Amino acid sequence: LLGSRAPAPRAVRRPALGTARDPEAGLSQLQAGAAPSGPRDPRPSTHWPRPATPPGQVRSWVSEGPRPGRDRWTMGAVAMAAALGFLLLARTGRSSGDEARETEAVRALLVRLLGPGPAAGFSVSVERALAAESGLDTYRLSGGGAGARVQVRGSTGVAAAAGLHRYLRDFCGCHVAWSGSQLHLPRPLPAVPEELTEATPNRYRYYQNVCTQSYSFVWWDWARWEREIDWMALNGINLALAWNGQEAIWRRVYLALGLSQLEVDEYFTGPPFLAWGRMGNLHTWGGPLSNSWHLKELYLQHRILDRMRSFGMIPVLPAFAGHVPKALTRVFPQINVTQMGSWGHFNCSYSCSFLLAPQDPLFPIIGSLFLRELTKEFGTDHIYGADTFNEMQPPSSEPSYLAAATAAVYQAMIAVDPDAVWLLQGWLFQNQPQFWGPAQVGAVLGAVPRGRLLVLDLFAESQPVYIRTASFQGQPFIWCMLHNFGGNHGLFGTLEAVNQGPAAARLFPNSTIAGTGMAPEGIEQNEVIYALMAELGWRKDPVKDLGAWVTSFATRRYGVSHGDAGAAWRLLLRSVYNCSGESCRGHNHSPLVRRPSLQMVTTVWYNRSDVFEAWRLLLKAAPTLATSSTFRYDLLDVTRQAVQDLVSLYYEEARNAYLQKDLISLLRVGGILVYELLPALDKVLASDTRFLLGSWLEKARMVAVSETEARFYEQNSRYQLTLWGPVGNILDYANKQLAGLVADYYTPRWQLFMETLVESLGQGIPFRQHQFDQKAFELEQAFVLGTQRYPSQPQGDTVELVKELFLKYYPQGVTGSL
């Protein structure tokens, strides 16, 4: 394992023009218009809590490395094109066997989606030559009508699947989404009036955030993964993280390096926190990982990779970013490491990671060892993700250090895979702009050959980084919509910014945009946003009329055009989905899901009356649309949002009553909020399996191989939803509005808050937030450590329950005040 050089990893495809020695070799081809070529202790110990170890530097990096010295801030169009050309996927080297495999993958998707009978109405083929002129994914639609089969052709499996989705959406009025699908096909299948050919404007349509793996995917089985990969293919996704199973590979590496099994177990976090273990933010918290977990993840990763590759997608594998277990200092006492600062209000029992110095001889050994073992197990598509300084300030701001740290990660990649391309989340530049000045950004971007660093402009819909870095100083980037933080429920979006953003990035001077992407921390919410973003991956220009687009979205989603439903969606478009400005972040800060205080912010970016009116219009449409699963989901989701706004209004009135020492009003308003409104919300949520805490926790339990392990995973999941850390370190960050969670977590906190305010007025003593927080923490911890099982099957009729709630509260809330 520790040999100097292993054979090159098993390649699945070659993504780059030229070679590692000549990263700009694709330029001449672009100029000529040619197509690019190219057994452990089974006890589930939680390690909670541990005594803190003091932070501080163990061994710091001290030597000066070379400073990057190329023109960082200006670059000609030729060099830009070269960098982008290097990233174009080699097409001509693929065999006819690849085309046949991708064709079969799309045909199988068709059968899964529509059933074998309806699927027979389509003819699918994958033909590389379709993209001969542009080198970009292309699909072509024709046929249909009068019993003729619809012809779907694509230059890749992904392109063919995207073409199929285009036909289903625009010609059949169908809809495919996380919450459900509407697939009522017309008979006969509509004809394509004239052959339709579409090429994507950019190379990549990217998907995922490192955090999505923990907030949304963590408990998935293969059946759920299969549905997701189908959704990805239909939406044209061709570049996505595939990070399952990496801890099993790291375990092999650490054991080979001399760590004990106990030391390895103590290092890994629990499943819902793996994302931050992978980025060096955390260790130990929620662990250890069981042997059965590692086996399951290896199995899933093989199936995920096989299916992604069968469509022609490019899975992004992980690489070594420089973080190491503290135990490595026992095995290698002379190792040169720096202990980083704490993260997320965690002490050093779980944070303060150890970062290996870039010039330490062990750095390339560990990086190469991991990548060899990883690619031996899974093969490779030559694009790797690694994040060294995610939400952590580097030990030094010296450009020489930052360049050396970056170069060390890249050199460890190409030592194993000469064709490696590094996918870097650009969140670090956005998250700490005061640290990442021009020299610091330039040091990172200039330490990797142009075209070998692919940057995710992760939050571009609100705070784009490409604008203030001269298009990442010539490195290719993907314009990403982050949208959601923590997987929160809550209607939110910046639809206009999303609509205009990619086209504006293409028009930016000397733009190096290489694609568009969806990078939410959590999924299965606000599906309209993702429908638009996926469509924009194939559009060269923005949607001209978002009002008309969102009306059509509602028609497809429910399978029928309805005036009230369309009007409701246009109200949502101008309100909750019309957030603008740099303050827009997709994280729910509603008082409903926060630990109460007298200083809670209740302002929102929209007129609440629009939400209340949309609520009324959807309920009015219910007699016609109630048979639609997606309509019932939306009706409940808008009801949930309306109640969320009502909670804010009742809180404001209760706070005013307390400040005015009006005990009677406080008792009245507090009583309605705690004993009527919140229980009514919980009851409505309980009518839909997609809003059940029991469903959420059952997914965690199903992963386990014993009841002890099931209880352990459930506790992991409860922690993430609420306290996040042992003492509420990132309190309520991953908040959800789920039946059971509202009843047994949020409601008891609000009850305690109102009782404390009443006691304060009654006894003439001030409200003390610190004392309240201590009592609230006891309630929160009791929920996390609780063993109550929650229903995983819905109860009650959504429409009737919504109507009951609406009739009681709507007349009070329609004007946005009580």
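Helices (H or I, at least four residues) and strands (E, at least two) are DSSP runs, numbered from the N terminus. The structure described here is a predicted model, in which local features need pLDDT of at least 70 and side-chain atom pairs count only at pLDDT 80 or more, while totals for chains, interfaces and linings use all residues. Residues are numbered from 1 along each chain as its sequence is written, and side-chain values use heavy atoms, with hydrogens and water left out.

The protein chain contains 29 helices and 17 strands. Of its 818 residues, 65% are buried, where buried means under 20% relative accessible area, exposed over 50%, and partly exposed in between (1.4 Å probe, protein chains only). The accessible surface of the chain amounts to about 28600 Å², and 54% of this surface belongs to carbon and sulfur atoms; such areas come from the Shrake-Rupley method with a 1.4 Å probe, and for residues only the protein chains shown count as cover.

Spaces within the model were located on a 1 Å grid over the protein atoms alone: a cavity is a set of points where a 1.4 Å probe fits but cannot get out, a pocket is an open set with protein on both sides within 12 Å along at least five of seven lines, and lining residues have an atom within 4 Å of a point. Grid points are joined across faces, edges and corners, and a volume is the space filled by probe spheres set on the points.

The largest pocket holds about 1100 Å³ of space. Its lining comprises 42 residues, and those nearest its centre are Trp 178, Arg 224, Arg 227, Glu 524 and Lys 699. Two or more lining residues are given by each of helix H3 (96-114), strand S4 (175-177), strand S5 (180-182), helix H7 (222-234) and helix H25 (693-702), with H7 giving the most, namely seven residues. By class, this lining has 19 nonpolar, nine polar and 14 charged residues, where Ala, Val, Leu, Ile, Met, Phe, Trp, Tyr, Cys and Pro count as nonpolar, Asp, Glu, Lys and Arg as charged, and the others, Gly among them, as polar.

The largest cavity has a volume of about 290 Å³. It is lined by 23 residues, of which Gln 246, Trp 250, Gly 277, Arg 278 and Met 279 are the closest to its centre. Helix H8 (246-256) and helix H10 (274-278) each supply at least two residues of this lining, and the most, four residues, come from H8. The lining of the largest cavity divides into 13 nonpolar, seven polar and three charged residues.

For the second largest cavity, the volume is about 120 Å³, and the lining includes Asp 387, Phe 389, Trp 422 and Val 444. Helix H14 (399-416), strand S14 (421-425) and helix H15 (427-431) each supply at least two of its lining residues, the largest share being the three residues from S14.

Among the strands, an open sheet of three has the order S10-S12-S11 with antiparallel pairing, where two strands pair if DSSP finds at least two bridges between them. Strand S10 (323-324) and strand S11 (337-339) stand at the edges with a single partner strand each, so one side of each is left without a neighbour in the sheet. S11 is joined to strand S12 (residues 354-356) by three bridges, and the two run antiparallel.
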